[in-house]
Amino acid sequence: MTETVPRSAVQDPAPDPAEYTAPAGRPLSRELTIGQLAERSGVAHSALRYYEDEGLITSRRTSGNQRRYPRDTLRRVAFIRVSQNVGIPLAAIRAALAELPEGRTPTPEDWARVSAGWRADLDSRIAVLEQLRDGLTECIGCGCLSLSSCQLANPNDVLSRNGPGPCRFDCS
C-alpha cells in the first residue's frame with residue numbers, strides 16, 4: 001500500500017509567467033476579448049466601444065473582425081474611470097493617455113507625470129466646491145432662494161447689470 005501525501009504538503013515552484021494558464025487550463029492570452037475586458041474592468045461593452053471610438057483605448061481586429069485588447073488596457077480603463085469620477089473631461093483624459101507609452105504597461109512614474117498635470121485643475125475644482133458647500137448652508141438656512149440676492153446664484157447681484165429677465169440663460 002502506498003502512502004499519499006496531502007496536496008497541501010507539496011510545494012509547487014512559482015510558475016513561470018509565460019506558462020500561466022486560464023481556469024480551463026488554456027494558456028493565458030496576452031490579449032482580452034471585449035467580454036473579458038468588460039468583466040475584468042466592470043465597464044459595459046458599449047462604454048469600451050465608445051472609449052475606443054474616442055481614441056482612449058485601442059484594439060486589433062481578428063480575422064473574424066473581433067476586438068482584441070492588450071492586457072495593459074485594463075489599467076487604462078481604470079485610469080479613465082477614476083479620472084471621469086473626479087470630473088476630468090474626456091479630452092483631457094485622451095491627452096493624458098497620449099503621453100503614455102505604447103507597447104508596454106505604464107510605470108508608476110508615467111502615471112505620476114500624467115496626474116501631476118491635473119493637480120492645479122483639481123485644486124481649483126475643490127476650492128469651488130468648498131465655496132459652494134459653505135455658501136449652500138447659508139442659502140438653505142435662510143430659505144430665500146432669491147435670484148436677485150442669493151450669493152450662490154447671483155453673487156452681489158451682478159446680473160442686474162444685464163437688465164431684467166433670465167439673462168443667465170438668454171443674454172441676446
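I started with arginine 94 and glutamate 54, whose side chains meet in a salt bridge (2.8 Å, N to O). I counted a salt bridge when a side-chain nitrogen of Lys or Arg is within 4 Å of a carboxyl oxygen of Asp or Glu. This pair links distant parts of the chain: arginine 94 is in helix 4, and glutamate 54 is in the loop between helix 2 and strand 2, 40 residues apart. Helices (H or I, at least four residues) and strands (E, at least two) are DSSP runs, numbered from the N terminus.

The model is predicted: local features need pLDDT of at least 70, side-chain atom pairs count only at pLDDT 80 or more, and totals for chains, interfaces and linings use all residues. Residues are numbered from 1 along each chain as its sequence is written, and side-chain values use heavy atoms, with hydrogens and water left out.

How many salt bridges does the structure hold? I found five. One of them joins arginine 113 to aspartate 110, with the closest N and O atoms 3.3 Å apart. Aspartate 110 is buried at 6% relative accessibility, while arginine 113 is partly exposed at 42%. Buried means under 20% relative accessible area, exposed over 50%, partly exposed in between (1.4 Å probe, protein chains only).

Three strands form an open sheet in the order 1-3-2, with antiparallel pairing. Strands pair if DSSP finds at least two bridges between them. Strand 1 (31-32) and strand 2 (60-61) are the edge strands. Glutamate 31 has proline 70 in strand 3 as its bridge partner.
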